[in-house]
Amino acid sequence: MKIFIDCTHTAKHTYKNTGIHRVVRELTSELLQISSNRTDIEIVAVMFDGSFMRRVTNLNQQQDDYLMEVNKYFALTKINIKFQALLLKLKNKFIYFFYRLNLIDWFDSNSVNKKIFLEFEGSIIQSGDIYVIADANWDLPKTYYRFLQLLKRHKVTIVVICYDLIPIKFPEFSSKRFTKAFTQFYSDYSTLFDKVLCISKKSAEDYSNAKVQGILGSNNSQIVQSFRLGGNYYKQDLLLSEENNNLDIKLQKLLNKKYILVVGSLVPHKNIKTIIAAFDLLINSSHDDVFLIFAGNKGWDSKTDNLIESNKMYGKLIQILGSVSDAQLDFLYQNCYCLVQASFYEGFGLPVVEALQHCKPVIASNGGSLPEVGGDFCRYFSPTQPTELYKALKELLDSEISYNNLVERIRNEYVPFSWQESAEEFLSCLYN
């Protein structure tokens, strides 16, 4: 049996390292490793090229310094982001236009090309094979829907990984364009999904509730389950961590600093406003030697960016590192004082388990799945109450004994969950 893992977005954007990209890379890497030791399944990483799938041979994040610099310059430019969105929209319309003219609609023809659909790299796509939509494929052309329909017609099981339903549940946290595309995807495509594998019990509950409420397309035979994400890194990605001289100069300067780490793109649902407000209170309470480090790209919302950049401590005690590699992120976790995850809502909260795996204290909001993921190893606060976050930070900073006791408890009692375990649990969900 073949299990096709659709990594379209990650394969096209190897320079990106958002939460979803990292999950796709880690999960796929472990699945390929498991597959290499088994004869009953074959894992194949693929991407959709506008009409069919093709094999993906490399998902590793691009480490080329020049490309990273080019990406940082262009990806953070608002004008360019809008321009890229326009080009993508035009491309999708172009593909759909020819699709409607049947110029690329070889799926329904009786020509020799129909045989291509039944084959992939010389082997037959059989009934019972599984196609997993593991990536952020919400903006693909309409031919993607047609492609999935044909897979179902040949009795291929369609599975989607649902990370969260934030754009549907909280549309105010996303741009109107993204909310529309995301909602349209789940509304139209959900009838095709035989299984929905969510990354937390909370996400699975959200999906099931959305089905009951009629937000998602009706599919009575659809199965909704959850599996847990890992918190370690694929070993190959950590080679750079042995060469600290190659890390960014900003990272090197943090070696002897006490800094609070925030990981993730700077988007509204990450609740940056509360973090900044709590940090201001901390600075004004004589803790003026603590840094606040954001490791993640700027988002689509200029208000969130301005909130940080207009702060009097920006460039001094507050820094934005932008996108970081896995090796750099590992470095940041190892040397941080603690992690703050202040999100209004999360489908999982990958930074929480990663920080705990590094034996670092975590102060998290009680939004979404964060209490489920962090258990009783985190200190929680209401995301609308910056004073609660401030008090939690101050308690850690005011008592070295309490801080060390918490670190020791995490080290002795927290049981990490690896990506290998995540992949095995994922496969178990596919079979059951």
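Me: Is strand β2 (residues 42–48) largely enclosed or open?

Reply: First, the ground rules. This is a predicted model, where local features need pLDDT of at least 70, side-chain atom pairs count only at pLDDT 80 or more, and totals for chains, interfaces and linings use all residues. Residues are numbered from 1 along each chain as its sequence is written, and side-chain values use heavy atoms, with hydrogens and water left out. Buried means under 20% relative accessible area (1.4 Å probe, protein chains only). In β2, 6 of the 7 residues are buried, so the strand is largely enclosed by the rest of the structure.

Me: Which strands pair with β2?

Reply: Strands are DSSP runs of E, at least two residues, numbered from the N terminus. Two strands pair if DSSP finds at least two bridges between them. Strand β1 (residues 2–6) pairs with β2 in the parallel sense, over 5 bridges. Lys-2 stands opposite Glu-42. Strand β3 (residues 53–55) pairs with β2 in the antiparallel sense, over 3 bridges. There, Met-53 is the bridge partner of Phe-48.

Me: How do I describe two packed helices?

Reply: Use the angle between their axes and the distance between the axes. Axes are lines fitted to C-alpha atoms over the stretch in contact, and angles run from 0 to 180 degrees between N-to-C directions. Helices are DSSP runs of H or I, at least four residues. Here, α11 (residues 272–283) and α12 (residues 302–309) pack at about 10°, axes 10 Å apart. They are therefore roughly parallel (angle under 35 degrees).

Conventions: Angles under 35 degrees count as roughly parallel, over 145 as roughly antiparallel, 65 to 115 as roughly perpendicular and the rest as oblique. Buried means under 20% relative accessible area, exposed over 50%, partly exposed in between (1.4 Å probe, protein chains only).
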